[in-house]
Structures are given as structure tokens and as C-alpha cells.
Amino acid sequence: MKVLFFGKLKEITKKSEMEIKGIKDLSELKSFLYKKFPEIEREIFFIAVNQKICDGDTDLKEEDEIAFLPPISGG
Amino acid sequence: MVLKDSFGREIDYIRISLTDRCNLRCFYCMPEEGVKLFKREEILSLEEIEFLINFFYKYFSIKKIRFTGGEPLLRRGFENLVIEIKKNIPEIDINITTNGILIKEKVNFLKEYGIKVNLSLDTLNREKFKKITGFDFLDEIIEGIDLCIKLKVPLKINTVMLKGINDEEIFDLIEFSREKELIVRFIEYMPLSGNDNWKKFFISKKEIMEKIKEKYNIFYQEKEKIAENYILYDDKKFVTKVGFISTITEPFCDFCSRLRITSDGKIVLCLFDKTGYDLKEFLRPRIREKKLFDFILKTVKLKPEGFVALKKTFFDKGENVESFFVMRKIGG
């Protein structure tokens with residue numbers, strides 16, 4: 001699955017995207033990323049799975065695209 | 001009691017046209033060459049409008065209304081109407097769809113009475129505005145928008161997308177949305193009365209999304225009754241939120257909870273159903289409440305399934321579909 005980083009998260013991870021395998025759901029993905037990039041845990045962000053904003057936990061498939069998005073402001 | 005149609009859809013929202021007059025002549029609604037306007041006595045009086053709103057609230061608990069037109073702010077006595085309604089029904093949710101020209105004169109009132117505004121604006125380009133509407137009022141409208149923002153009057157922008165006219169402004173509109181922190185809703189152009197150029201101007205949500213994706217990352221956020229909202233990001237940050245009202249490609253008839261009343265007092269059950277059901281008969285020379293109640297119950301049961309049912313014919317036949325309705329008498 002593809003993970004995309006935007007804004008501050010991109011600065012922290014120094015990547016705009018990465019390929020990950022074997023992750024079953026969002027919770028697991030977050031744990032994995034927090035271990036790899038501890039600074040992320042402090043940040044506020046939204047998560048979109050296949051270009052749809054998610055709230056709560058979601059099961060993930062190998063072909064999914066998960067985007068970590070900086071906060072919405074205004075609008 | 002709950003007012004339901006024969007498909008189980010509940011009516012909780014009344015849209016009332018206050019006038020068929022407008023201070024613009026948008027070519028797709030109110031062309032220059034002339035429109036036949038209602039005579040004064042044909043239009044519902046303010047008292048009659050007030051009565052109907054109270055009636056729908058009393059019998060069917062309907063608390064959400066939208067004033068449309070023509071241009072609703074042109075209706076003399078608009079403020080008094082709102083004041084009286086609010087007195088009777090303090091919790092009423094009043095909305096207005098306006099072209100925004102008269103907002104700067106009314107903005108304090110709109111704020112004081114908690115009126116929420118949808119502003120119809122199809123272009124940010126002054127020359128194009130003149131071309132579409134026949135008038136040079138863009139400055140006044142932007143002034144009105146800024147005043148709403150300053151006073152925190154809830155405001156959304158409704159933009160009818162017209163291929164070859166404002167589709168090239170998609171990024172300008174997004175930038176406007178970002179700068180003003182306002183949501184812009186892209187509306188799919190509907191086939192309207194006296195107008196057979198639908199195919200020429202129609203641009204779909206899909207086409208607009210493709211265009212947006214050239215520059216931004218777009219993520220689906222939420223559904224808001226008839227609009228679907230998306231958030232836009234560039235590489236670094238959140239840009240803005242936009243909406244799509246995809247009447248043609250993604251009809252939302254299943255969720256329709258609205259009843260429309262034209263300025264001359266006819267119920268219109270669906271924008272794609274020309275029939276008007278006359279209410280004045282039960283208001284003049286005097287109000288006949290029981291008969292009106294029965295009539296409304298009966299009429300709502302006639303509400304058709306909607307465009308979603310017509311769509312197959314409409315697209316498959318590809319013919320010039322006969323006009324469904326007259327926008328300026330209903331206000332969309």
C-alpha cells in the first residue's frame with residue numbers, strides 16, 4: 001500500500017510517499033509510522049484512505065492509498 | 001405530523017420564491033429579450049407567505065425555509081416578513097439564495113436575524129459577469145461578500161458551471177475560496193425552460209474534478225444533503241474546501257426533502273415536473289385551512305421520483321428535452 005505525506009508530515013518523514021506491506025488497519029499503520037518517525041505522533045493530521053477522509057479505524061488492503069494530511073483551517 | 005410523499009421521503013424544507021423579478025438577466029434564467037412577469041395581484045402577499053410558513057410549521061413541524069426568487073432581496077417588505085416569522089417561530093431556520101447585489105444594504109439585518117446566505121456567483125471576471133448577467137455589478141457583489149465575512153454571516157457561494165464560459169476559472173474560483181475562506185459549490189448546469197443549449201454548456205462534476213486534480217490533491221470529506229464536499233491540498237497544506245452539487249450525473253432525488261412554492265403561489269413538487277398546484281385557491285378570498293391541509297397532503301403524494309427516474313430517457317434519447325420548469329419563478 002502507498003502512504004502519502006503532506007505538509008509538515010512530509011518535512012518530518014522527508015518523504016512524500018512510501019510503500020508499505022502487511023499492514024491490516026489504520027491503527028497498525030499509525031503505530032508503525034510512530035515507531036519509524038516518532039515526531040509524527042505530536043502532530044495533528046487527517047487521514048484519507050483512497051481519497052476519502054476517514055475517521056476512526058479502518059481496515060486496509062494492499063492496493064490502498066493512504067494520505068496523511070495537515071489540519072484543515074478555515075473554509 | 002410528518003409530511004411524506006409516496007416514496008417515503010419526508011418534507012422538512014420549504015423553498016419560497018418571493019418574486020419573479022430580478023436585477024440581473026442571466027442568459028440561462030432570465031434572458032434580455034424579455035420575460036413575462038407576474039402581475040402584482042398574482043403574487044402571494046407578504047401576509048399570505050407568512051401564513052403559509054406558520055401553517056407548515058404548525059401542522060408539519062417544518063422549520064427550515066429558503067427564500068428564493070428571482071432575486072428575493074428585491075421583495076419590498078422582506079425585512080418585515082422575516083421579523084414577523086421570527087416572532088412566531090423563534091427557532092425557524094431562515095436561508096436565502098441571492099445574487100448578492102443588495103447584500104451590502106441588508107447585511108446588518110441578515111446578521112441580526114441569523115439568516116444564512118447562499119450567493120449565486122458564476123464568475124469573478126468583470127467582463128464575463130457582464131456577458132452572463134447583462135449588468136456590471138461584480139464590485140457590489142464582492143463588497144457584499146466581504147461584509148458578510150466581516151460580520152460572520154454564514155455564506156456559501158453557488159457557481160453554475162458553464163463549459164466555455166467559466167470552466168476556465170476553476171482555479172480562480174478555488175483561489176477565491178481559499179482567500180476568503182468560503183466554500184464554493186460547483187453546480188451542474190440543468191436544462192431550463194426556453195433554452196436548448198444545455199449540451200453546449202454542460203460540464204460534469206467528473207470533468208471539473210479532473211481539472212482540479214491537475215493542480216491539487218482532492219479528498220472526499222462529507223455529504224451535506226445535496227452537496228458533496230471535498231478538501232483540497234497542495235503539496236504543503238490545506239488549500240480550501242469545495243462542494244459539488246451534481247444534479248445531473250449524481251442525482252440526489254432519494255434524499256429530496258423539499259417543497260417549492262412559486263411567487264404566484266403554486267406548489268412545484270420537483271424541478272423536473274412542470275405542474276404547479278395552486279394554493280391561492282385556498283387563501284383567497286379567505287383562508288380555508290382545513291381544505292388547504294387536505295390539498296397539501298394530497299398534492300405531496302403526487303411528488304414524482306425525480307430526475308433520477310428521467311435520467312435514462314434524458315440521456316439515452318439525447319433529444320432536446322422539453323423545458324421542465326421556469327427557474328426565475330421558482331428560484332432553483
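I began with a helix pair in this predicted model: the axes (lines fitted to C-alpha atoms over the stretch in contact, angles running from 0 to 180 degrees between N-to-C directions) of α2(B) and helix α3 (residues 103-112) of chain B come within 11 Å and cross at roughly 0°. Helices here are DSSP runs (H or I, at least four residues), numbered from the N terminus. α2(B) and α3(B) are therefore roughly parallel, the word for angles under 35 degrees.

Next I looked up who touches whom, with contact meaning heavy atoms within 4.5 Å. From α2(B), B:F78, B:E79, B:V82 and B:I83 meet B:K106, B:F109 and B:L110 of α3(B).

Then I turned to α1(B), whose axis lies 10 Å from that of α2 (residues 78-88) at about 25°. This pair is therefore roughly parallel too. On the α1(B) side I noted B:L46, B:I49, B:E50, B:I53 and B:N54, which meet B:L81, B:E84, B:I85 and B:N88 in α2(B).

Last, the cores: sets of buried (under 20% relative accessible area, 1.4 Å probe, protein chains only) Ala, Val, Leu, Ile, Met, Phe, Trp, Tyr and Cys residues joined through side-chain atoms within 4.5 Å. The largest has 103 residues, and B:F67, B:F78, B:I174, B:F186, B:I212 and B:I296 have the most contacts inside it. Helix α1 (residues 46-60) of chain B gives the largest share, 8 residues. Apart from this core I found another of 19 residues, including A:F5 and A:L29.

For my own reference, residues are numbered from 1 along each chain as its sequence is written, and chains are lettered from A in the order written. Local features need pLDDT of at least 70, side-chain atom pairs count only at pLDDT 80 or more, totals for chains, interfaces and linings use all residues, and side-chain values use heavy atoms, without hydrogens and water.

Key:
Buried means under 20% relative accessible area, exposed over 50%, partly exposed in between (1.4 Å probe, protein chains only). Helices (H or I, at least four residues) and strands (E, at least two) are DSSP runs, numbered from the N terminus. Angles under 35 degrees count as roughly parallel, over 145 as roughly antiparallel, 65 to 115 as roughly perpendicular and the rest as oblique.
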